[in-house]
Amino acid sequence: MVKILTLCTYPVAVPRHGGQVRVNAIHQIHQAAGHSVRHLALYREQDYPDEPSSPWNIHFSGWFINELLAIGGRTDVNAVDFLLRDADARDRALALIRDYEPDVIQLEQCWLWPLIKTLRGASEKFRSLPIVYSSQNVEYQLIAAASGDHGRPVANETVTLIRQMEMDLVANADLVITVSKADADVFRPVARQVTIAANGIWPRGPAGGQDYWSKELRRYRFALFVGSAHPPNATGFVNLLGPSLGFLSPLEKIVVVGGVGNLLQNDRHFRENIGQNLARSMLVGVQDNGGLSTLLEMADVVLVPITEGGGTNIKMAEALYNRKLVICTPKAARGFEAFTDMPSMLLCATPDEFKGTLVKALRGEINTRPALTFSQMERLKALLWSSTLADIGARVGYLAAGRHDPEQARA
Amino acid sequence: MKIHSILDTSARVPSIAKIETGNMPDIRFLIDLTTSRQYKDRNAVGIVRVEREIGRAFLLSGFIVEFFHFDLGAGEFFKIGRPEAAAILGETKGALDGAAAPPRMATKTPRSPEQADDDDLRLFLGQLKNRLGTVAKIAEAAAHPQDNDEVVLEFFNGDVIISAGLLWDGNFMELLYAVKQQMRINVIQVVYDVIPTIIPEFCVPGMNIRFPKYLLDAAWTADALYCISDCTLRDVDNYLRAHKLPAPSLHRIELGTDVPDEGRGSLEIRTSLDANDFTLYVSTIEPRKNHAMLFHVWRQLYQTDRDALIPLVIVGRAWWNSSDLVSMIKSAEYLSPEFIKIMTDVSDDDLDWLYRNARFTLYPSLYEGWGLPVAESLARGKFCIAADTSSIPEVAAGFADLIDPLDLVTWTKRIRHYLRAPDDVRKLEAEIRRGYKVMSWRTAMERFVASVAQEAQRLQGVASTGPVAVGR
């Protein structure tokens, strides 16, 4: 049995946002392959209230959270600073890792690489352990494009440091896993081995709360926008649908699910017309899988308004797989190039195009239930995690056995 | 033209083809009394007054009229039977006794009130008055027991809904929009102001959310918006354009000012103030009304012109964000209560006495949709110093001294001047009495009903149930 340790700045037992869903799926794939998995998470406890307690979940102390607020820091970029300055937490994390004796260490994003690098520097045993770098984005590019947690732009010096850290990890990793070809192309010149594992989905679970949502939304035709509190989600929404949702009629709404609703309510541009925007949107917060299934089923159209950031969007995969009409940007379609010929995928590059297509969909001027051919439906199966991550379990297994290339190993 | 009494039971029947209307289409006017119904047992103020006046005017118009209210909890429109409607509308004392109704728009081609022939109008009014009598008689004769039941309002093609209520607290435009997608109805909405979109910081918390929804839904739903001032009309137009919203036709509704016969005022009011030895500001106390500025003027004049200083009487309840100011006023014991008096729950009779016996009145509000106290002051021949902003210059019509409401220095100078030059005030009052034209509610509502009838004809001719285009 191969023992795999994953690390990142969020827990994954109760996945809500895309990053959690992906790592959770990777765990399931590893476990299905017979591997053992542990996940070390370093985060602010209040951000993940549903997460069960576990010694592997290490929470920031109050003083550190206050310091982050004071300097406009980020809970991901600055996470390792906490371990460097809190000896107890650092010792706890290192003890857990040592006791587990992993065969492979997989870092999800690069933020905790300094911890692992320190560990490798201090221990011959860990120095020889295979390292996997997995990320939904090229982090330094995303950080350069996005704002800080509190709206302050990230300093160029910080972006440079992040770039150095990320590319150092890429250079030291035995395997780099990206979600798109574009990301893979950035890492390939430095990496030993790169594989693309697009984001996927699980088949939709049973619906829940149908009575409630049927009543709440009985009068409206609505678009569904699902997004975590990941700043590019709010930026894309405001850029493409702003400055005001007043272009929607009284019987048209955008239902916003997930932490992005909180970002929107605090977004300066959204707030400028907050009365109109709240009149035409419903910010319903995080929903359980049952509620999300119901909303996805009821929605006339799904929006994926991504204008910045890398990676691929799990919501896109969910919408496509569930035969929903999707209005998305070319950026959001990254990783889903194989599906752009489908009638259910409407690419809109500009705000006018995006809004105009949305209005047409809500007013029935576009068929919101386009028929797919048999072959198109077959192709959609490639969107399942079981397809997108099929290669990962085998590759990591071979790494643990000291072989880098499954093809080579097979030979 | 055959004029049908509103007592005709056919007026409550959805099929309205029995009415001979000349060129006038068979239109049923549905008048919203939601706000008046909520304020049934309270003094009529502002919006309630307008809603009631509109209700009364349509009640007496000879048109096919029904009244309704919206129940926010149930999310339903309910009919208001004639007895209840008459009770709601008759609350303003004597307003309907002998009231004339506006002419029915029955000419071959639509005419404005100004074009209407005076003889026809007088004849029409006489006929209508004879037929209808007073509200009390209406209520008595129209009492049908079934009207008191809560009956859900059904809409029919050709209905024209008129609302002048507080829709931002019980917005039913969304429901009317849904009805419009199914039927050929028209919606006419009275807009008082768009102040929460211009200076939200001076409005009650939450209005920055509720009010834009009201305005947005009105833009999408209403076919015509009637604005209470040119200023409001411009503000609405600017808002619709700035946000690229659907544009209903924009019109003016004039507001009236009825001056009651001079009363004596209560013993209490007459003993608490000396006639002609106080100034008057009628307004609820809230930051937008700028009472703080007058407080500073009185503080300064107390230091510099105590010999000429007379009390400032503020008539109005302390409303939101005003407790600090009221507390400061009360803490200034050298001014309060001798030179600054706050009065609440003043009766109509006492308010009339205050207007008539003030040396002059003040109205330094930062922004208004109309400015009724200025009209009430001028209608009684009483000079007013008012703000030069928003709609107030329209109301003043050249008969008030208008000053920037943020210019404390000029307000102080002008008030000092008028306190020390009573002859100037008397001259200005004489000019007001000679030149200021009082708009009675009767005339205002005659014009409104005529305009609505004309607009309804136009809308019924071009009404469309298709989706409204985005933008303009």
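This is a predicted model: local features need pLDDT of at least 70, side-chain atom pairs count only at pLDDT 80 or more; totals for chains, interfaces and linings use all residues.
Arg44(A) and Asp47(A) join their side chains in a salt bridge, with N and O 3.0 Å apart. Good morning. Over all chains, the count of salt bridges comes to 49. I shall present a few of them, then a helix, and then the interface.

Let us turn to chain B. Arg420(B) forms a salt bridge with Asp305(B), and their closest N and O atoms are 3.0 Å apart. Where do these two residues lie? Arg420(B) belongs to helix 16, residues 408-420 of chain B, while Asp305(B) sits in the loop between helix 11 (291-304) and strand 9 (312-315) of chain B, so the pair ties together parts that are 115 residues apart in sequence. Asp305(B), by contrast, has a relative accessibility of 6% and counts as buried, because the cut-off for buried is under 20%.

A further salt bridge in chain B joins the side chains of Arg317(B) and Asp345(B), at 2.6 Å from N to O. This pair also links distant parts of the chain, 28 residues apart. Arg317(B) is in the loop between strand 9 and helix 12 (323-331) of chain B, and Asp345(B) is in the loop between strand 10 (340-343) and helix 13 (348-357) of chain B. Are these two partners buried or exposed? Arg317(B) is exposed, with a relative accessible area of 52%, and Asp345(B) likewise counts as exposed, at 59% relative accessibility.

I now move to helix 17 of chain A, residues 351-362. This helix has 12 residues and reaches 16 Å from its first C-alpha to its last, close to the 16 Å expected at 1.5 Å a residue. Which of its residues are buried? They are Phe354(A), Lys355(A), Thr357(A), Leu358(A), Val359(A), Ala361(A) and Leu362(A). In an α-helix there are 3.6 residues a turn, so residues three or four places apart point the same way. The cover over the buried residues of helix 17 of chain A includes strand 8 (221-226), helix 11 (231-241), strand 9 (252-257), strand 11 (301-304), strand 12 (326-328) and strand 13 (345-347) of chain A. Just beyond the helix, Gly364(A) takes a positive phi of about 75°.

Finally, the interface. Chain A and chain B bury about 1,500 Å² between them, and 65% of that area is on carbon and sulfur atoms. On the side of chain A, Pro250(A), Leu251(A) and Gln276(A) lose the most area to chain B, together 33% of what that side buries. To the contact, chain A brings 18 residues and chain B brings 18 residues.

How many salt bridges cross between chain A and chain B? The rule finds two. Arg280(A) and Asp217(B) meet in a salt bridge through their side chains, at 2.7 Å from N to O. There are also seven residue pairs in polar contact between the chains. Helix 14 of chain A, residues 274-280, gives the most to the side of chain A that touches chain B, with six residues. That side divides into nine nonpolar, five polar and four charged residues.

Both Arg280(A) and Asp217(B) belong to a network of salt bridges that links them with Arg219(A), Glu174(B) and Lys213(B). Thank you.

Methods: Residues are numbered from 1 along each chain as its sequence is written. Chains are lettered from A and ligands numbered from 1 in the order in which they are written. Side-chain values use heavy atoms; hydrogens and water are left out. A salt bridge is a side-chain nitrogen of Lys or Arg within 4 Å of a carboxyl oxygen of Asp or Glu. Helices (H or I, at least four residues) and strands (E, at least two) are DSSP runs, numbered from the N terminus. Buried means under 20% relative accessible area, exposed over 50%, partly exposed in between (1.4 Å probe, protein chains only). The expected span of a helix is 1.5 Å times one less than its number of residues. Contact means heavy atoms within 4.5 Å. Buried area is the accessible area (1.4 Å probe) that two parts lose on being put together, summed over both. A polar contact is a pair of N or O atoms within 3.5 Å; within protein, one must be able to donate a hydrogen and the other to accept it, and residues adjacent in sequence count only if both atoms are side-chain atoms. Ala, Val, Leu, Ile, Met, Phe, Trp, Tyr, Cys and Pro count as nonpolar, Asp, Glu, Lys and Arg as charged, and the others, Gly among them, as polar.
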